[in-house]
Amino acid sequence: MFGSMPKVVLILAALVLILTLVNNTFLWKGKGLGRRMLTLNAFADPKSTTNKEVTYENIFVDSINFRAGIRTDTGRSKVALRCPTQKTLQEMLTFASMHIPTTSKDGKQEQKGIVFTTVTIDKGTASHVEWVSNWYRQLQNVGVHHPIVFGADVTGETCRIVQSAGMCCRNFQPADFTFLDEDLLIPMSTTRDGDRPPSVDIKFFYAFELLSYGYRISFSDDDVFWFKHPFVDNEFKEDMRGLTDDKSMEEQSDGWTSKSCGLKYGSPCMSTGLWDIYPTDNSINFIRGLLGGLKTTRIWEQQLANQYLQNERKKDGNGKMSFRLFSKRTHANVGVLDQRVANNLDMNLTAVHLGYKHGAEKLVEYKKRGYWNPGNISIGL
């Protein structure tokens, strides 16, 4: 009996190894035998000379995203709850990015994607972090493990508040913009068309940088509520798509013409509160041109973006960025959503935006629709 013991131990050890490998394989595919606790390397504390071993709960995206094939950039070994906010922008993007299998415009079979927003918060507007948290938590609910919040201020106050609420944030740093000519950067003190904060402009600077790195990007304001992963539609053919601000319930059948824009610049009547862009030469050139307009005018950035889209539409041949509005069936402002539901029009929502709602009215709308769940937030001011 004792003589056979080593053989039994070896057999048991082999079985344990096989079961472990099988379970890990299923976990990678989202079919694990249950949640596990993983010991991961935390990102280095800037005040410490060594990395710490920290245990995090493994997180998996929902079944919709598994069917779409979307996963985090480096697999589950990077699914941690802490963001590398003190490291370089490029390292942060690697940490937050997702693989998107697609027949992309440059012929690749797979692309990387980033989901982000920009916001300006200070002590006087600290309660706005609840909106950021609501946006952030819901994106995590639909499978975006690490949405990025870019803080737009010179003091770092935005990210201090956002990080204290447990979210991934990187404050605006001119050194981040390695692809952009310095003369195109706008000072953080710049406001546009009245009292709009710097964050409304800064989203385009980050868009340019992320596209130049080769990322497909999804931008949304923090008053957008996501029902599905932003990249669940991974096969649209245009360089860029955006939410329409057209007020009618009918589709803009050509993806452009608006008969009920409600804003003076007219078609395409795109909202700059929600858009998705592939990293193509034409889209990068479009954003670069828009940045030039932001530098030299004080026009509202949404009006300016629509004017640049109008100019783009007039181009012929090579160099023309292709664009189409998202269908109102999948991406809609709340007023359009209500009209379509009331008239029994088909809806298959990916995202809803609080377009044409202002101030306290936004919170009322979200709460009555059941979209409000920012979590318990404690901010040390």
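## Notebook: rings and charges

I began with Lys247, whose charged end sits over the ring of Tyr356, 4.4 Å from the ring centre. I note here that the model is a predicted one.

The charged end of Arg216 sits over the ring of Tyr278, at 4.9 Å from its centre. Arg216 also has a salt bridge with Asp276, in which the closest N and O atoms are 2.8 Å apart. Asp276 is in strand 11 (residues 270–277) and Arg216 in strand 8 (residues 215–220), so this pair ties together parts 60 residues apart in sequence. Is Arg216 buried or exposed? I found it at 0% relative accessibility, so it counts as buried. Asp276 is buried too, with a relative accessible area of 3%.

Next I went through the aromatic pairs, of which the structure holds 23. I picked out Trp131 and Tyr366, a tilted pair with 5.0 Å from centre to centre and 50° between the planes. Trp131 belongs to helix 4 (residues 129–141) and Tyr366 to helix 10 (residues 360–369), and the two are 235 residues apart. Trp131 counts as buried because its relative accessibility is 12%, where the cut-off for buried is under 20%. For Tyr366 I noted 0%, which is also buried.

Tyr366 has another aromatic pair, with Phe225: this one is edge-to-face, 6.2 Å centre to centre, with 90° between the planes. Phe225 lies in strand 9 (residues 224–226) and Tyr366 in helix 10, so the pair ties together parts 141 residues apart in sequence. Phe225 is buried, as is Tyr366.

I also noted a cluster linked by ring pairs; among its members are Phe116, Phe150, Tyr206 and Trp275.

I turned to the salt bridges, which come to 14. Glu301 and Lys203 meet in one of them, at 3.4 Å from N to O. Glu301 is in helix 8 (residues 301–313) and Lys203 in helix 6, 98 residues apart. Both of these residues are buried.

Helix 6 (residues 199–212) also holds Val200. Val200 is buried, at 17% relative accessibility. Its C-alpha atom is 8.9 Å from that of Ala152, which is 48 residues away along the chain.

Lys315 and Glu312 form a salt bridge at 3.2 Å, N to O. I looked up how open each partner is. Lys315 is partly exposed at 37% relative accessibility, whereas Glu312 is buried with a relative accessible area of 6%.

Last, I listed a network of salt bridges that links Asp338, Lys357, Glu361, Glu365, Lys368 and Arg369.

Methods. Residues numbered from 1 in each chain as written. Predicted model: local features only at pLDDT ≥ 70, side-chain atom pairs only at ≥ 80, totals over all residues. Heavy atoms only, no water. Phe/Tyr/Trp six-rings, centres within 6.5 Å; stacked < 30°, edge-to-face > 60°. Helix = DSSP H or I, 4+ residues; strand = E, 2+ residues; numbered from the N terminus. Buried < 20%, exposed > 50% of the residue type's maximum accessible area, 1.4 Å probe, protein only. Lys NZ or Arg CZ within 6 Å of the ring centre and 35° of its normal. Salt bridge = Lys/Arg side-chain N within 4 Å of Asp/Glu carboxyl O.
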